[in-house]
Amino acid sequence: MTATRTRRLAPLGRPELYTSYRQDMALLNTRSKMLGALGVLVVAALMPLMVSDNLLLILASGLVLAIGAIGLNLVTGYAGQVSLGHAFFVGVGAYTAAAMAGDPDGRYLGLGIDFMPLWLLGAGLVAALCGAVVAPLATRLRGLYLAIVTLGLVFIGQYFFFEWDELTGGSQVGRDAAKPVLLGIEFTADYGFKGGWTEEQKLYWLFLAVLVIAALVARNIARSRVGRAFSAIRDRDVAAGVMGVNLTRYKIIAFTISSFYAGIAGALMFSASGHFTPESFNLLLSVQFIAIVLIGGVATISGTIMGAMLIALLPRIASELPAFVPFLSTSASEHPNIFDFEQIMYGVLIVAFLLFEPRGLFGIWHRVRTYWKSYPFSY
Amino acid sequence: MTRSLVTRIRDRAATTPHGVAMREKRLGVWHEITWATYWDTVVDVGHALLSLGVQPGDRVAVQSENRPEWLFMDIAAVAIRATTVGLYPTNPTAETSYLLSHSGACVHLAEDQEQVDKVLEAGDLPELRTIVHVETRGLRTYDDPRLMSWEALLERGREHRAAHPGAVEALVDAAEPDDVITLVYTSGTTGPPKGAMLTVRNAEFVLETVLERSPFARPAPGPRDMTLSYLPLCHVAERVLTTWYNAGAGTQVNFAESIETVPQNLREVQPTLFFAVPRIWEKLLATARIKLDSATWAKRRWAAFWLRRADGLGEKLAANGGRHTAATRLVYAVGWLLFYRALRDRLGLRRVRHASSGAAPIAPEVLQFFMGIGVPMHELYGMTENAAVATANRPGRVRLGTVGEAHDGIEVRIDEETGEILTRHPAVFAGYWQDPEATARTLSEDGWLHTGDVGEWVDGTHLRITDRMKDIIITAGGKNVAPSEIENALKASPYIKEAVVIGDGRKYLTALIGIELDTVGAWAQQRRIAFTTYRDLSEKEEVRDLVQQVVDDVNSRHNPVEQIKSFRMLPKELDHEDGELTATQKVKRSAIDAMFHDLVESMYRGQEAGAR
């Protein structure tokens, strides 16, 4: 009876006047959000032209961490299934990529697939497969029990990575990581087909592109039917089940998607150093991802990216500290030194955020935004 | 062919078929209705009414909250030269029954189960043949043969339209200026409601006056303007603002979800033209004050600074007829950037370019506050019997405390003997429905309408209203006192919702005072005063003291005869259903007197005992 026209945006200057459901649910539902997102993207894209290669490398590693952490946030933050086994899936991704891209005639397993998107996708899919296999555990267990069981996954994984020499090169030895090459551009070389750009700049742009895609996909999952099912399970799985959410199905979906992200992150994680050993995929890596999710903010994508950047920059921040804090030493043999500080900071940050800002960096941002959104009132 | 509301809508549907005519919020989304859809639906409903046997001159009643179907039914009825009768959704069963039988409506639109129940319980209504309901929830098991759903009505209309194409259009073109388009029942603080007949000519004169001849806002209202429709549509002010302006100027109507959600809907819609009754303005002011007071320390200090500036601005603007001087413009520009813009945005008044108050007297302090924060306020005067146009404060020539100047083409004079305000113009109604006696009392033979209000001229141009003629209090000492001025001064306090001044034939004035639950509740919470109900809170010693302060403050601004010597707290919130308020939330003095007789007497007894 009533004709409805759909419009992308609310009538000018009336951001809360939603005239269609689509507009209400849009990722960037206001002009200011749209401009803000565009601004952040432009700054991020121009970063390689503004900062030194050293710092750029750190930022690039942050971008990869963010991809993995988004995956963990989907399963832990959105769907509420605590997983300490993220490092295992990252490892699966890293080895799958290395094996697919590796030299067929080399010492270790290699299929010689040079085409980057293919091994990237392969790494994600194999990790996702592992995730799907493990997922039924989550349908039987929850909370602390699930955390302990997924913790076991890390140790099983470590055993395989240490012992399967043909694939991993074995403990302390390791093997070369997959080399990102696309359309003749070697991302890990200092020369390109048009020259000029350094390895760090190119890697940064590559990671940024992958992260943007990964983040967009994650945001879209979160605001879809699947995302709503995740939230329902997180808030109360029994209630979700009563509402008609298929618990088994959505828990499997959560683990599978999360593992896919971990696989992608694993495939790219060692591109810069070019070499990695099985020791990398230990419990500490899992904890690092958990830290990112908690510090960044549970169940937010933008927060996860902020958290990943902070964790990646932590060593750099620690190394800058002795200039301000005289008793911190830069030498590893003296105590207290910056490496101690860095380790402690993980713990301190997690404890502090859980106590004072449970919603993480995103929570801080949210608070700032609310302050101005409600100005001159307080609510 | 006579130009009417209907032809105006038809023309808009032809020239701007895809323009937005109205928006309705359903499940969080504002669904837009275009002019083409509006007109098409009107024609369908018009055909449906024809198929139901509605003849020109018949009455079609509507009892519903504001929603598109109200307008569809209203305009469709007018299109086939029938008469629309609006009922308040808050009308209790007895009043509903009276209005339906008095108007003799043959088709009735009852919004939902609640309204349908009222009609079914109303008893014998021989002329009522069809009851249309919009919301079917709860009505599935009803088997009254008169019931029909809105969808069924539309379906019927489409069938009739296919069988008799052009039947509605023919009636539209046959309309005469003297056709009665609506009966507006006046709220009736005394006696049963009377149905004022408004004609095509009345409506056209209103639209030509306030939109074309002397537009009330510059630039003149147009299709880019947004309004929020939230006051009952059966009241003449909201009908003019929603249905008539929409047809006449093409303003976009946005239907609020309910009266409770007005603040929220205001923020979403950010209307450009906003009319409110004093009650709403007082409430908005109280909300702003409370929210600013409960903000964080820094925000509070900041707000206090800018509100002091706003006080100054308001004073200057009021003294200058609402026009800025260079100095105030500068202060306001800085304040707009840093504070007023945000404040107005939160209140939903950021884009308001013409704000107005009417239908009841308002305290000048309230108007001045809004002027200070940059909302261009204008007090208007009109009544049902003159289609809500008589006088208005014009932009740039505002005088606080007056209701402004007469519009072009409108004669206003004050009766020398009684001081009663009289108006004469083509929008004066055609008479009361089936009540020639009351018509003769109100409408003199030479066309002057007796408004029942007492007023005086200020500077020969602006009209000031003293009070309703019958409300004027004559004390035992023989002094004439206008209670509404004192009541409004009391109600300007955010803590006071109702104030009823008493003293007719008494030695001195007293008052019954009802607190505003939200604000006093928040105030009590801040002071850790525990309370349970409205009554419990009202009877707290601290609350009495709070009200006493307000009363003392008001008393200090009045001469001794007009001072409140004693007051009592109302033990309950006044309500339409309990018969204490009219449908338009005006206090029924007679009912209050009867209901709280003991309270009133105690105020006079107590004093005498004390004197003895």
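Colleague: How many residues of chain A are in contact with chain B?

Modeller: The size of an interface is often given as the accessible area lost when the parts come together. Here residues are counted instead: 18 residues of chain A are in contact with 28 residues of chain B, two residues being in contact if their C-beta atoms, placed from the backbone, lie within 7 Å. This is a predicted model, in which local features need pLDDT of at least 70, side-chain atom pairs count only at pLDDT 80 or more, and totals for chains, interfaces and linings use all residues. Residues are numbered from 1 along each chain as its sequence is written, while chains are lettered from A and ligands numbered from 1 in the order in which they are written.

Colleague: Which classes of residue does chain A present to chain B?

Modeller: The side of chain A that touches chain B has eight nonpolar, six polar and four charged residues. Ala, Val, Leu, Ile, Met, Phe, Trp, Tyr, Cys and Pro count as nonpolar, Asp, Glu, Lys and Arg as charged, and the others, Gly among them, as polar.

Colleague: Are the residues on the two faces of strand S6 of chain B buried or exposed?

Modeller: In a regular strand the side chains alternate between the two faces of the sheet. In S6(B) (residues 130–133), B:Thr130 and B:Val132 on one side are buried, as are B:Ile131 and B:His133 on the other. A residue is buried if 20 or more other C-beta atoms lie within 10 Å of its own, exposed if 12 or fewer, and partly exposed in between. Strands (E, at least two residues) and helices (H or I, at least four) are DSSP runs, numbered from the N terminus.

Colleague: Which strands pair with S6(B)?

Modeller: Two strands pair if DSSP finds at least two bridges between them. Strand S5(B) (residues 107–110) pairs with S6(B) in the parallel sense over four bridges, and B:Leu109 stands opposite B:Val132. Strand S7(B) (residues 147–149) also runs parallel to S6(B), with three bridges; B:Leu147 is the bridge partner of B:Ile131.

Colleague: How is the crossing of two helices described, for instance that of H12(B) and H14(B)?

Modeller: Axes are lines fitted to C-alpha atoms, for helices over the stretch in contact, and angles run from 0 to 180 degrees between N-to-C directions. The axes of H12(B) (residues 297–319) and H14(B) (residues 364–372) come within 7 Å and cross at roughly 110 degrees. The two helices are therefore roughly perpendicular, since angles under 35 degrees count as roughly parallel, over 145 as roughly antiparallel, 65 to 115 as roughly perpendicular and the rest as oblique. The residues of this contact divide into six nonpolar, three polar and two charged.
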